[in-house]
Amino acid sequence: MKDTFKHQGLRQKLVATLKSKGISNEKVLEAIGAIPRHLFMDSSFLDHAYQDKAFPIAADQTISQPYTVAFQTELMQVKRGDTVLEIGTGSGYQTAVLCVLGAKVYSIERQNELYKKTSKFLPKLGYRAKKLIFGDGYIGLEDEAPFDSIIVTAGAPFVPKPLLSQLKIGGRLVIPVGDDVQIMTLFIRKGAKEFEQHEFGEFRFVPLLEDKN
């Protein structure tokens, strides 16, 4: 569980790479610069931890490319104290970014193996989500709604209606929509039934799976 000067230096290089790719939100860049991403990965991938690439983790899932994490987070426009729902806890890296930004994070994971691992691991590193849940992301989290923003970290073949209905007015849903390749999509809730939609090009994610295994 070491975070060395070498790791910190590599993180600053990563931050510079993200800036060069167009990430401009200073708070997001600071969070990426502060979080020891190598601790979220299998030790055999340590050399790759600060490359701007996605890598495999347990249960056939991946830890998202840092650019993707930063891009989605920037679209959310997270403010300190915001209530945020994350669909797909995965390694917990995105969760940590949201915690560092001061959000109250509720995160749902449907892979039991990952859920168990991450729910023990995140608090050890000092990242405390409000709640980590083993469950079905398609249905969201009605009990804690409405949310300032919702992030989906897996490719969704369609936009789950419960997620749209669980946004506050003015709230933002960031979701990659599509089958093999996804279009990063932002929905901003303008009224009870009114949503503004923006698209931001192609990304590749592991699929968002329904129901618990």
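A pocket is an open set of grid points with protein on both sides within 12 Å along at least five of seven lines, and its lining residues have an atom within 4 Å of a point. The structure described here is a predicted model.

**Packing of helices H1 and H2**

- Two packed helices are described by the angle between their axes and the distance between the axes.
- The crossing of H1 past H2 is right-handed.
- On the H1 side, the contact involves Arg11, Gln12, Leu14, Val15, Leu18 and Lys19, which meet Glu26, Leu29, Ile32, Gly33 and Ala34 of H2.
- The residues of this contact comprise 6 nonpolar, 2 polar and 3 charged.

**The cavity**

- In the whole structure, a search finds 1 cavity of 30 Å³ or more.
- The volume of the largest cavity is about 330 Å³.
- Its lining consists of 29 residues, and those nearest the centre are Gly88, Thr89, Gly90, Glu109 and Thr153.
- Two or more lining residues come from each of strand S2 (62-63), helix H3 (66-76), strand S3 (83-87), helix H4 (93-100) and strand S4 (104-109).
- The lining of the largest cavity includes 14 polar, 12 nonpolar and 3 charged residues.

**The largest pocket**

- The largest pocket has about 250 Å³ of volume.
- Of the 14 residues that line the largest pocket, Phe40, Met41, Asp42, Ile57 and Lys117 lie nearest its centre.
- Helix H5 (residues 112-124) contributes the most to this lining, with 4 residues.
- By class, the lining of the largest pocket has 9 nonpolar, 3 polar and 2 charged residues.

**The second largest pocket**

- The second largest pocket holds about 160 Å³ of space.
- Among the residues that line the second largest pocket are Asn25, Lys27, Val28, Glu30, Ala31, Thr73, Glu74 and Arg80.
- The lining of the second largest pocket divides into 5 nonpolar, 5 charged and 2 polar residues.

Definitions and conventions
Residues numbered from 1 in each chain as written. Predicted model: local features only at pLDDT ≥ 70, side-chain atom pairs only at ≥ 80, totals over all residues. Heavy atoms only, no water. Left-handed = near helix turned anticlockwise from the far one by under 90°. Contact = heavy atoms within 4.5 Å. Nonpolar A, V, L, I, M, F, W, Y, C, P; charged D, E, K, R; others polar. 1 Å grid on protein atoms, 1.4 Å probe; cavity = no way out; pocket = protein on both sides within 12 Å on 5 of 7 lines; lining within 4 Å. Points joined across faces, edges and corners; volume = space filled by probe spheres on them.
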